[in-house]
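I set out these entries in the order in which I looked things up.

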Amino acid sequence: MLDIEIDGKPAQVPAGSTIMDAAELVGAYIPHFCYHKKLSIAANCRMCLVQVEKAPKPMPACATPVTAGMKVFTHSEMAVNAQKGVMEFLLINHPLDCPICDQGGECQLQDLAVGYGSSASRYQEAKRVVFHKDVGPLVSMQEMSRCIHCTRCVRFGQEIAGVMELGMANRNMHSEIQTFVGRSVDSELSGNMIDLCPVGALTSKPFRYSARSWELSRRKSVSPHDSLGANLTIQVKGNRVMRVLPRENEAVNECWISDKERFSYEGLNSSERLQKPMIRVDGALREVDWNVALDYVSHALKDIAKTHGGEAIAALGSAHSTLEELHLLQKLTRGLGSGSVDFRNRRRDFSADGKLAGTPWLGLKLSEIKDLDAALVVGSFLRKDHPLFAQRLRQLAKKSGQVSLISVTGDDPLINLHGQLTVAPDQLANALAGVVKAAAALKNEVCPAGLEALTPCATSQAIAESLCAGEQRAIVLGNVAEQSAQAAQLHALAAELARLTGGRLGFIGDAANSVGGYVAKALPDATALNAYEMFEKPRQGYVLLGVEPELDCHNPQQAIAALKQAALVVMLTPFKHQAALDYADVLLPTAPFTETSGTFVNCEGRVQSFNGVVRPLGEARPGWKVLRVLGNVLGLAGFDYESSEQVRDEIVAPDSEFVGGLSNAIDGVAFSLSAAAGGLQRIAEVPIYFADPLVRRSEALQKTRDAQAPSARLNASTLAQLGIAEGSQVRVRQGQGEALLTARADESVPMGCVRVAAAHATTAALADMFGTINVERA
Amino acid sequence: MAILGALNPMLTVGLDGDKAWHLADYVKRGGYTALNKVLAGEKMTQDDVIGVVKKSVLRGRGGAGFPTGLKWSFMPRAFPGDKYVVCNSDEGEPGTFKDRDILLFNPHAVIEGMIIAGYAMGAARGYNYIHGEVWEVYLRFEEALAEARAAGFLGKNIVGSGFDFELFAHHGFGAYICGEETALLESIEGKKGQPRFKPPFPASYGLYGKPTTINNTETFAAVPLIINGGADAYLEAGKANNGGTKLFSVSGHVNKPGNYEIPLGTPFSTLLEMAGGMRGGRALKACIPGGSSSPVLPGSIMMDCTMDYDSISKAGSMLGSGAVIVMDETTCMVRALERLSFFYYEESCGQCTPCREGTNWLYKIVHRIEQGQGRADDLDLLGSITTNIMGRTICALGDAASMPVQSFVKHFRDEFAYHIEHKKCLVPPDVQRAGSGFFKATV
């Protein structure tokens, strides 16, 4: 610790701090633009110049390290003169038309100009004009004359997003922030640049000119999308969500959110919102009153239970549903005499069920990632599945941690990887087994039974070595590992690797409530049907909560067939979509996350409850209320809740920060090597902007490059073997269904595989996400 | 031969004929003996070499005049891993054209100096960053490097000493800012040439983040002379605290503009005489003694100066890179400043606010004064803007742009005031035209 003095106040600050850090500690404000605590120091705006005793010139507070006995004056004449001088320079070329600027009212330059600017300008020449740029549907670069060249956006790209999409071209006052000629900004984290921009140069394309910042009320919420549980500030005007911003939480999302979280709100007011209950009458869906709809559902469900037995009913929730909804769903299903309830709709292999010691989770706190020495991620489209989780790993790799990835495509996670193995889906377990075997050898343990025939490759060896070195290690399984037909095998192998290396085992989890679903026990009974089986063995009645089966299930073909034959399909959903009109018998309008209170349990087990930020649209009602009333109408016991908090408190102890019962231990899965399956294999990613019903309906996100319609991507030699030309139309077939797609050469796809995305209407007729597939010329 | 004259020369001795730059010729003149002396003959220690350079009071020839030996002693020699020696041949300062001649006519002196520097600072790799607008110089230096490599002066185990050193030429594309040492490092690294914030200084965090020392071409070229002749002889060749001789690039209104090598401490009048005196016998109005960023001095003050760091500094300017820009009585000082201000505005890298915005503003004001649209308070405004730029920027370009403005206005305020008041030059246009050398005076 060093003793220093800031504005006459003595302070003790850690050695290595800058004057800016020290000022923050003692609560002295130093004006700044380019400085940002999460970005590298540029010291280019010069706004933070302060006086330092014995220094002949004012020093930039952001870049000057403190020394013992240093005396800093942040508001002395020298400091203020320097700050005012810089402010004058910043303003000479900046348009002074705040009233028509979208940033007005939330602009750092505007705020500081009040304190350091002059009421009249000494600059009387023409101002610089910088041409606007079109960089995509999310970030507006329409007003680049407002840019003050702080390069926060540039540094964000380089350092946080991992890709330098913006740079400063040209010299002198002609310097301009722009993309590489003609390119767009496609990072999944790009929206953060809007927050970082201290002026109105980068603004939100969907939001701009729709409201002024002072008209908006700020309400707290939690992201319903990925498993990180990013904290949100939702800005509301007149019962309408206008904008979503990050709410800083260092332990969870730091100060970032992904574009999915930032822009999905557009889907909230989509024209597809279901605003009134609907019942199929004479083959067509008709709008009815709530009491009619609930009576109808109640009678129909009871009828099925009576005639075919409770097991003829199955219920499927979603990992995007709240804890309360999932709890009531399973309670209701069990009340009807069925144990067939699940929320893991994209899972294929459930053989680990009954062998788990507790609720699967990340295995460590998000804030502990930065302290890891080595991490191995198995089966994940990291960047697109978990943008902010990937960001944490990116920072880890930058610092010194060794991050490795075993997955089914060679997509660049923009992380400086220590080792990367890309294998066909059916070889994923074998690839992990290679690392397990190498680690066993390194630890002088006998080769785990079942893996004797394996010879680890050099990369497996390198990954094993990195996991055996250092103090803190983690092995995490991604979405692909959970969706894989080898999920249990992968889980067991990863557990063995964790045991061998003394590392921690975890699951990233595919959605906001992947942990919460387990906590709510929205899981099938031992003898009942899971999310895959309930469609494999068609039922008479289905209750679907927040799922769109043709897009959200592992095998949509099978799901749709089962739903079409069922006597009753009840959907609790915020949206009415075309496909549902074919098979749904009842549509009950439920509220999306902004219109209901609820709880998400994120991947680290953190309980995050939130309130609705606006009133439900039309006659939509919070899901928990709908299920509660349905429970009442059905005459089930224990459905007399007064609030969602009451529901929650039944599951998790009141005021607990984390849920209990977390464990990734698995027992009773024997290792076995899988033989290569013949034929082509499908690799189905869930594209980032098709992943859930809400994000599918965000217009802006649907215009991004990540939302392009799926193609059939194969590597060049596979294409050649099949005699298919790049760019030609192909017919891909699985079971009874087929899709007509364009063939694309893609070297990131392993041999003998076809990458065909799931969760899109064009591929909804296909079957298993990682099953065999046929490709032929159309 | 582009060196037009010399007084007790050291660096340009024997540079006759077209072949003088070749290795054979250089060796014949005593080249690479210093290297042999350091590495083989006397087996000098690193401290010995740095000590000799310190004692010679060799001061940086690039502009700042920082004592070279002292700079070398800042290198953390014990630092494990790569260290670099970089030669700054990015000669972009208006008026300066000495390094290109050194590289064209005596490249091996620079190579030898860099090898010795590399040895003294424990660096195994060097780069010579050559200005992008003098392409033939870059090609020449590459040829010289090939000769040195073939002769075993570069590479592994140089002259059997066990010391390895590799040297590479790297050319820029002509941006002035790349002459700033940290921008130069960024440029070598393949990034946009923008200065880094200091500290950390290159000695601790330089090229690729490794300890690096950067010296000017002429500085490196002087090192073999010091090793061979001894520190005292070099110091005595100049004057106290200003060791050795220096190349001066004389341009402007003189009869024989060009490079001249003279001992430091030589009177300005002698240099002016060597350069053939004032063109047309006109009176000396002003002189910029050290390249465009050094403050201008009126002729009368200049004539009392000797050409060394201390004398020029005492007179209120800087010896800088030794670019002597001579202006006679036909010069309009407003127009001269307008051109300089345009240069600094154009070459500002745009990174930090005061320089990016301020240099352009300065130019716009000087420009409007020159165009007869100046305002009464413009001179005060110029003063205020330069105060707001100086000392508040990341690198010295802000200061470099401000000093000419301040000194021109200070020494020739009347001329600027006349311009503003009468909306025309104090020096009649036809006189200016005549002074340019291309037109005849009509009066």
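Predicted model: local features only at pLDDT ≥ 70, side-chain atom pairs only at ≥ 80, totals over all residues.

Entry 1, a loop residue. I looked up the contacts (heavy atoms within 4.5 Å) of A:T322 and, leaving aside neighbours within four places in sequence, found A:N513, A:G598, A:T599, A:F600 and A:F610. I place A:T322 in the loop between β16 (313-316) and α8 (323-335) of chain A; helices (H or I, at least four residues) and strands (E, at least two) are DSSP runs, numbered from the N terminus. A:T322 counts as buried because its relative accessibility is 3%; buried means under 20% relative accessible area, exposed over 50%, partly exposed in between (1.4 Å probe, protein chains only).

Residues are numbered from 1 along each chain as its sequence is written, chains are lettered from A and ligands numbered from 1 in the order in which they are written, and side-chain values use heavy atoms, with hydrogens and water left out.

I checked α18 (residues 556-565) of chain A: seven of its 10 residues are buried, so the helix is largely enclosed by the rest of the structure. Among the buried residues of α18(A) are A:P556, A:I560 and A:L563.

I traced an open, five-stranded sheet of chain A with mixed pairing, in the order β2-β1-β5-β3-β4. Its edge strands, each pairing on one side only, are β2 (9-13) and β4 (59-60). I found β1 (residues 2-6) of chain A antiparallel to β2(A) over five bridges; two strands pair if DSSP finds at least two bridges between them. A:E5 has A:P10 as its bridge partner in β2(A).

I read 36 residues from chain A and 31 residues from chain B in the contact. The two chains bury about 2,800 Å² between them, 53% of it on carbon and sulfur atoms; buried area is the accessible area (1.4 Å probe) that two parts lose on being put together, summed over both. On the side of chain A, A:F89, A:R171 and A:N172 lose the most area to chain B, together 26% of what that side buries.

I noted three salt bridges between chain A and chain B, each a side-chain nitrogen of Lys or Arg within 4 Å of a carboxyl oxygen of Asp or Glu. A:R171 meets B:E347 in a salt bridge at 3.4 Å, N to O.
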